[in-house]
Amino acid sequence: MTEALRLTLRDSKAARWGALGIISITMFAGYFLTDVMSPLKPMLESEFAWSSTNYGIFTSAYGWLNVFFGMLIFGGIILDKMGVRFTGIMSSGIMVLGAGIKYWAITNPTLVTDTTFGIHTHVFMAAVGFAIFGVGVEIAGITVSKIIVKWFKGNEMALAMGMQMAVARLGTMLAIAAPVPLATYFSSVHTQVVNGELVEKMGPSVSAPIAFAFVLLVIGFITFFIYVSMDKKLDASLAESNGTDSEEPFKFSDIGRIVTNKGFWLIAVLCVLFYSSVFPFIKYASDLMVNKYGLDQNLAGIIPSLLPLGTLFLTPLFGGVYDKKGKGATMMIIGAVLILLVHSVFSLPILNYWFVAVVLVIILGIALSLVPSAMWPSVPKIIPENQLGTAFSLIFWIQNWGLMGIPLLIGYVLDQSNPEVALAKANGTAVPLYDYTNPMLIFAGLGLLAIIVGMLLKMEDKKKGYGLELPNIQK
Ligand SMILES: C[C@H](NC(=O)[C@@H](N)CCCCN)C(=O)O
């Protein structure tokens, strides 16, 4: 067979980068909605009398269905069985549905007067929407990872994963920076909770940023159909070139193979430790800026938004380094060291200057670039391609325990460490600032554990020869 005959659609640079661009739009919208409530925590407290625990419950809902109902694992199996086209449409549809429910709940503060399972119904229904959305965005995440492997394996895989993450982080950045100005701009007279009573009052519109996110998600859902047509063309070109996947189809017994692989466990545990010290931190970062660094609520999102900003450039850069030079395990360890450093300094009850927060957030951004750009392209080095959907879903499932549990723990610890805040709210007196020392120590502890697991992974790589320290681009 001649070289020309063996060429497929993925050999065209324009086609594979075009496909990446399209799926990145869907993920951008998903990441925007994921964090859109983060800068609104103080507003949720002032408009609807949410406590930090309420906010923690809502935030943790992201993982409820993924963790307890195993939705992510089903998603991975569906992905390996039904393919990326079906799973991508399904997951982006679920994101739209979840966002719609969340919007409906937030626009109905009258739900505050009821409770469901001991939780304010307003919080509970918003959480249900977020839980459904969480299923969609997580399954979309594993689908996109598999799509990238399909188009980029043997080429610029880490760079492509880095670029996709960069676009997604742009969504996170916008979600941190835009909601407060949006909510303020759309201020209106609406129902609020004051001293436990529902009153009609002028105030910022917490629902406006969610409506904006909903529209973005609908756009992401529509654009995924464009990808579907490209994917069909890729499969056709693979069939023509006789290069169709010679891979074994996925079998349920493969799950056993994945979970008996020590390398898989190390990367999964590193993943949950690392991400639990970053994504849940983002949920509280704006509030931290108000309470520890004395920033105005309207400006508090600016410093945390520098975190994803840095990753926009650094994730593709580090991905490119991994592609060409290797050193994946080392990059993950360095990232974990930075996490420990940053959160330890955040936990100190001194250095409460805004420029210290800026420096720390920038360093955290470097960590959030280093670890993912090395972690995700390392998974296909440990797990065969036909098991990748399931492997990614299992890793995400384990990670979701952290994304669910840590924000809840932080909200609870925050309330417990600051009983005077709840007391002042109940008495209608001036509300004191939260002391964030204990929550930040929890984040620092996660960083320390991540360093240890990263080292174990590097040792296992040496033993098993996964090639985590080797470049991805095959010369
Ligand atoms: C690729 C990776 N994605 C995840 O870890 C998702 N399970 C969680 C997405 C949460 C979005 N804020 C990443 O974003 O690095």
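Mentor: Two strands pair if DSSP finds at least two bridges between them. Helices (H or I, at least four residues) and strands (E, at least two) are DSSP runs, numbered from the N terminus. The model is predicted: local features need pLDDT of at least 70, side-chain atom pairs count only at pLDDT 80 or more, and totals for chains, interfaces and linings use all residues. Residues are numbered from 1 along each chain as its sequence is written.

Trainee: Which residue of strand 4 is the bridge partner of Val189?

Mentor: Strand 3 (residues 188–194) pairs with strand 4 (residues 197–203) in the antiparallel sense over 7 bridges. Their hairpin has 2 residues between the strands, and Asn195 takes a positive phi near 50° there. In strand 4, the partner of Val189 is Met202.

Trainee: Are helix 12 and helix 19 roughly parallel or roughly antiparallel to each other?

Mentor: Axes are lines fitted to C-alpha atoms, for helices over the stretch in contact, and angles run from 0 to 180 degrees between N-to-C directions. Helix 12 (residues 262–276) and helix 19 (residues 437–464) pack at about 155°, with axes 9 Å apart. Angles over 145 degrees count as roughly antiparallel. The two helices, helix 12 and helix 19, are therefore roughly antiparallel.

Trainee: How many residues of the contact of helix 12 with helix 19 are nonpolar?

Mentor: The contact includes Leu266 and Leu270 of helix 12 and Leu449 and Val453 of helix 19, where contact requires C-beta atoms, placed from the backbone, within 7 Å. Ala, Val, Leu, Ile, Met, Phe, Trp, Tyr, Cys and Pro count as nonpolar, Asp, Glu, Lys and Arg as charged, and the others, Gly among them, as polar. Besides 3 polar and 3 charged residues, the nonpolar ones number 12.

Trainee: How many nonpolar residues does the shell around the ligand have?

Mentor: The ligand is surrounded by 14 residues, the closest being Thr34, Gly141, Phe279, Pro372 and Phe396; a residue is near if its C-beta atom, placed from the backbone, lies within 6 Å. Among the helices that each supply at least two shell residues are helix 1 (13–35) and helix 16 (354–382). With 4 polar and 2 charged residues, the shell's nonpolar count is 8.

Notes
Parallel < 35°, antiparallel > 145°, perpendicular 65-115°, else oblique. Contact = placed C-beta atoms within 7 Å.
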